[in-house]
Amino acid sequence: MENRIKDLRANQKMTQEQLSQKVGVSRQSIVAIESGKYNPSLQLAYKIARVFNYTIEEVFLFEEEEEKM
Amino acid sequence: MGIQIGGLLGLYGGLFCGVLGWYFGRKKAAKQRGLDEVHEHIWQKAKSFSWYITIITIYFLFTLYVLGVTLHVPAVLGILMLVQMASWGFGGAVLTGLMFSGKEIDSNFIIGITVIVLSVLLFVILAIVSDSWLFLFGSIPFSVIGLYFIRQSKSKED
């Protein structure tokens, strides 16, 4: 799932470490989420969106995926 | 067969050292918020991966038994324990590296790693049950093939 976390961080001049401290995960986890390697849980997605004062849908861009076998 | 004190010391001493290392590792990780949901996700995936490797090992050992190879209980139990724990740790380490590296995981990389792991695993087992270390050389050509696939994966990133 794509997201706008990197852009939103840049707008607020926030580092990955600062964001990770605010939402209670490691900096490496923020790296994984930003790069799309890991889709956060609903709870974590909500915490991240709340840091930027956006809704989840405005931070995380859901796209229909092809069904896997 | 009498009680083997050395065996008991090794078995439970190793367990004690392992648990101690695990406990202090978690304590250190917790200080850096490392025990988060990504960590849980990685190690759950690694645990399930290790069971796939273990079932392959069980099938392989059964095949050897059916083919008439003599298997000894301590060797089989030791192999299963080593395979389960090593594949759990290896899987977790690889997943952690891939998750946090920022690089893309593609099918060539997965194929390469799988070929290397399975070839090393199966030939090590053959070496142990046959008591002949020469079997270890058998994994070399397969490992080269695996490395080729991994190299193909890295070439795509360049």
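Modeller: Start with a definition. Axes are lines fitted to C-alpha atoms, for helices over the stretch in contact, and angles run from 0 to 180 degrees between N-to-C directions. Note that this is a predicted model.

Biologist: What makes α2(A) roughly perpendicular to α3(A)?

Modeller: The axes of helix α2 (residues 16-23) of chain A and helix α3 (residues 27-34) of chain A cross at roughly 105 degrees and come within 8 Å. Angles of 65 to 115 degrees count as roughly perpendicular. Therefore α2(A) is roughly perpendicular to α3(A).

Biologist: Which residues of α2(A) and α3(A) meet?

Modeller: From α2(A), Q16(A), E17(A), L19(A), S20(A) and V23(A). From α3(A), R27(A), I30(A), V31(A) and E34(A). The residues of this contact divide into 4 nonpolar, 2 polar and 3 charged.

Biologist: Why is the pair R33(B) and E17(A) called a salt bridge?

Modeller: The closest N and O atoms of R33(B) and E17(A) are 3.1 Å apart. The cut-off is within 4 Å, so the pair qualifies. The count between chain B and chain A is 1 salt bridge.

Biologist: How much area do chain B and chain A bury between them?

Modeller: About 1,200 Å², with 57% of it on carbon and sulfur atoms. In chain B, R33(B), E37(B) and F100(B) lose the most area to chain A, together 52% of what that side buries. By contact, 15 residues of chain B touch 16 residues of chain A.

Biologist: What does UniProt list for residues 49-69 of chain B?

Modeller: An unreviewed UniProt entry lists that span as one of the chain B stretches under "transmembrane region". In the model, residues 49-69 of chain B are 86% helix and 0% strand, with end C-alpha atoms 28 Å apart.

Notes:
Residues are numbered from 1 along each chain as its sequence is written. Chains are lettered from A and ligands numbered from 1 in the order in which they are written. This is a predicted model: local features need pLDDT of at least 70, side-chain atom pairs count only at pLDDT 80 or more; totals for chains, interfaces and linings use all residues. Side-chain values use heavy atoms; hydrogens and water are left out. UniProt positions are given in the numbering used here, feature names are shortened, and annotations may be inferred rather than shown by experiment. Helices (H or I, at least four residues) and strands (E, at least two) are DSSP runs, numbered from the N terminus. Angles under 35 degrees count as roughly parallel, over 145 as roughly antiparallel, 65 to 115 as roughly perpendicular and the rest as oblique. Contact means heavy atoms within 4.5 Å. Ala, Val, Leu, Ile, Met, Phe, Trp, Tyr, Cys and Pro count as nonpolar, Asp, Glu, Lys and Arg as charged, and the others, Gly among them, as polar. Buried area is the accessible area (1.4 Å probe) that two parts lose on being put together, summed over both. A salt bridge is a side-chain nitrogen of Lys or Arg within 4 Å of a carboxyl oxygen of Asp or Glu.
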